[in-house]
Structures are given as C-alpha cells and as structure tokens.
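Please look through the sequence and the model shown here. The paragraphs that follow take up helix packing and then the ligand site.

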Amino acid sequence: MPNEADGFDLKLMRKPVIAGNWKMYKTVGDSVATAVALKPLVANANHCEVVIAPVFTALKSVADRLEGSNVHVAGQDCATEVSEGAFTGEVAAFMLADAGCSHVIVGHSERRQYFLETDPIVSKKVQAGIAAGLMVIMCVGETLDQRDQGKAQSVVSEQLVGGLSGLTASDLDRIIVAYEPVWAIGTGRTATPEQAQEMHAFIRRVFAERHSPGAADALRILYGGSVKPDNIAGLMKQADIDGALVGGASLKAESFAEIVNYNK
Ligand code: PEP
C-alpha cells in the first residue's frame with residue numbers, strides 16, 4: 001500500500017528541473033548577457049537540471065556561449081511538421097536541436113490562448129520534439145473559470161491525455177510535464193504548495209493509468225505560475241513537485257539563480 005513516505009522516496013529518483021521561459025523578451029545581446037551572467041551563479045547546481053528558453057533568434061548565440069556548462073537551452077515552441085518545408089514563419093524541432101537546444105517547451109498556455117493551439121496540435125509538436133531527440137516540456141493547466149466551475153482536473157487530464165497520445169513507452173523518457181494554472185501565470189498569484197501538490201499527484205495518477213506506474217514514478221512534473229525566490233522552497237518540499245517553469249523571475253540572472261539554488 002503506497003504511503004506518503006514512498007512518495008518522497010520516489011521523488012529522490014527524479015532529478016529536478018528548473019526551467020526559465022524568457023517569452024518574447026530580450027534581444028540577442030541581452031539574452032547572451034543574461035546567460036553569461038547566469039552561468040557562474042548556477043555552476044554548482046548539481047541537484048537539478050537548469051534550462052533557459054530564449055527567443056528563437058537568440059538560441060544559437062546563447063547555446064554557443066553555454067557550451068560545456070550545466071545550463072541547457074530550450075526552444076519555446078516548435079513546428080508540428082517534422083521535416084523542413086514551405087511553412088513560413090515556422091521553426092522545426094530538428095532546427096532547434098541544430099541551434100544547440102536540448103529541450104523544447106510545447107503547449108504553453110499563451111500558445112493555447114493567443115495562437116489557438118489545440119491538444120491535437122500540441123500532440124504533433126510533442127512528437128516532433130521527440131523525433132528531433134529533444135526533451136519535451138509539455139504544459140497543461142486550467143483557467144480560473146474552469147477551476148471555479150470545478151473542472152480543473154478534467155481539463156488538465158484532457159490536455160495530458162490529448163497531448164501525449166500516440167507515444168511509445170520509450171518516448172515517455174523524453175517527456176516532462178509542466179502544470180501551470182493559467183490564473184497563476186504572470187499574475188503574482190501562486191497556487192499554494194498544497195494546491196499544486198494535489199494537481200501534481202493527480203497528473204501522476206492519470207499518467208500511471210494511461211501509460212504505466214513505472215513511467216509515472218519517473219515522470220518529472222514541474223510547477224509554473226509566479227514562482228519566485230521566496231516561494232520555490234515551499235513548492236519543492238512537496239512529494240510530487242519536481243521543479244519549476246519560471247517566467248518573469250527567470251529574466252534576471254540573479255533571481256533565476258536564487259530559484260535554481262533553492263536548496264542552499
Ligand atoms: C510561464 O511563463 O510559464 C510562467 C509561469 O510565468 P510566470 O512565472 O511569470 O508566472
């Protein structure tokens with residue numbers, strides 16, 4: 001019979017991920033300057049994987065400057081198409097890998113909300129990221145209306161199942177899920193550690209039923225939504241919170257480094 005202590009034992013098997021989503025901020029020069037400032041501040045952070053996601057135009061320059069360091073680079077999105085082709089404005093996942101990325105974020109709520117990305121679109125992007133050999137950070141999360149209507153779990157479950165459909169058992173090693181309640185993104189309103197834990201445990205249960213208990217035990221589930229240096233430690237104490245996807249507080253090297261170094 002699983003108990004709370006088992007939950008914490010399993011957590012020790014999962015390497016936390018702290019990822020910074022820079023959204024549509026910073027020129028190439030500013031991105032490189034922030035990355036270069038971040039590098040020494042997190043150089044001893046062996047307890048977690050550190051990831052930053054600059055804008056597309058800065059990826060290659062940032063990745064070149066971070067080569068050989070422990071800071072990984074992610075794209076903020078990728079095309080649904082796996083191969084190159086006549087898709088104006090799109091960037092294929094393999095092109096992100098070519099630019100030096102090891103990760104890609106897909107299904108961010110801003111993509112779902114402003115660019116009308118549906119679960120089938122997110123699913124294609126997940127598969128494109130995996131085909132390119134990237135680690136895929138797939139975002140899920142409910143709006144405030146959906147939460148108030150008691151639909152938070154059904155919305156998140158639908159996004160999870162829809163976005164991860166058609167994956168093989170070996171693909172699952174490349175998946176990281178980020179739970180980002182839309183009402184907490186950029187609002188300064190964080191889910192409490194208990195609210196986040198409840199949803200993370202639910203996501204792990206859905207993943208176990210859909211895939212396998214072993215894959216669910218290994219799945220890293222990040223929390224995102226107004227994570228700051230002063231609330232990360234409380235979140236990371238929860239059994240099913242394996243890291244964070246950070247927006248605003250990742251834009252400055254010092255505050256992001258404080259979040260990365262939450263264990264100090
Ligand atoms: C995000 O962009 O994924 C995010 C969580 O933003 P913020 O930390 O600013 O709420």
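How close do the axes of α8 and α9 come, and at what angle do they cross? The axes of α8 and helix α9 (residues 193-210) come within 10 Å and cross at roughly 45°, so α8 is oblique to α9. Angles under 35 degrees count as roughly parallel, over 145 as roughly antiparallel, 65 to 115 as roughly perpendicular and the rest as oblique. The crossing is right-handed (the near helix is turned clockwise from the far one by less than a right angle). On the α8 side the contact (heavy atoms within 4.5 Å) is made by Ala152, Gln153, Val156, Ser157, Leu160 and Val161, and on the α9 side by Met199, Phe202, Ile203, Val206, Phe207 and Arg210. These residues divide into 9 nonpolar, 2 polar and 1 charged. Here Ala, Val, Leu, Ile, Met, Phe, Trp, Tyr, Cys and Pro count as nonpolar, Asp, Glu, Lys and Arg as charged, and the others, Gly among them, as polar.

This is a predicted model, in which local features need pLDDT of at least 70 and side-chain atom pairs count only at pLDDT 80 or more, while totals for chains, interfaces and linings use all residues. Residues are numbered from 1 along each chain as its sequence is written, and side-chain values use heavy atoms, with hydrogens and water left out. Helices are DSSP runs (H or I, at least four residues) numbered from the N terminus, and axes are lines fitted to C-alpha atoms over the stretch in contact, with angles from 0 to 180 degrees between N-to-C directions.

Helix α8 (residues 152-163) also packs with helix α6 (residues 119-131): their axes come within 8 Å and cross at roughly 45°. That angle makes α6 oblique to α8. The crossing of this pair is right-handed. Asp119, Val122, Ser123 and Val126 of α6 meet Glu158, Gln159, Gly162 and Gly163 of α8, a set of 2 nonpolar, 4 polar and 2 charged residues.

A further pair is helix α2 (residues 28-41) and helix α12 (residues 253-260), whose axes come within 9 Å and cross at roughly 35°. This crossing, too, is right-handed. From α2, Thr34, Ala37, Leu38 and Leu41 meet Ala253, Glu254, Phe256 and Ala257 of α12. The residues comprise 6 nonpolar, 1 polar and 1 charged.

Turning to the ligand, 14 residues surround it, the closest being Lys23, Glu180, Gly186, Ser226 and Gly247 (a heavy atom within 4 Å). Ligand oxygen atoms make polar contacts (N or O atoms within 3.5 Å): one is 2.7 Å from a side-chain N or O atom of Glu180, and one is 2.9 Å from a side-chain N or O atom of His108. Ser226 contributes a backbone N or O atom, 2.8 Å from an oxygen atom of the ligand.

Conventions:
Helices (H or I, at least four residues) and strands (E, at least two) are DSSP runs, numbered from the N terminus. A polar contact is a pair of N or O atoms within 3.5 Å; within protein, one must be able to donate a hydrogen and the other to accept it, and residues adjacent in sequence count only if both atoms are side-chain atoms.
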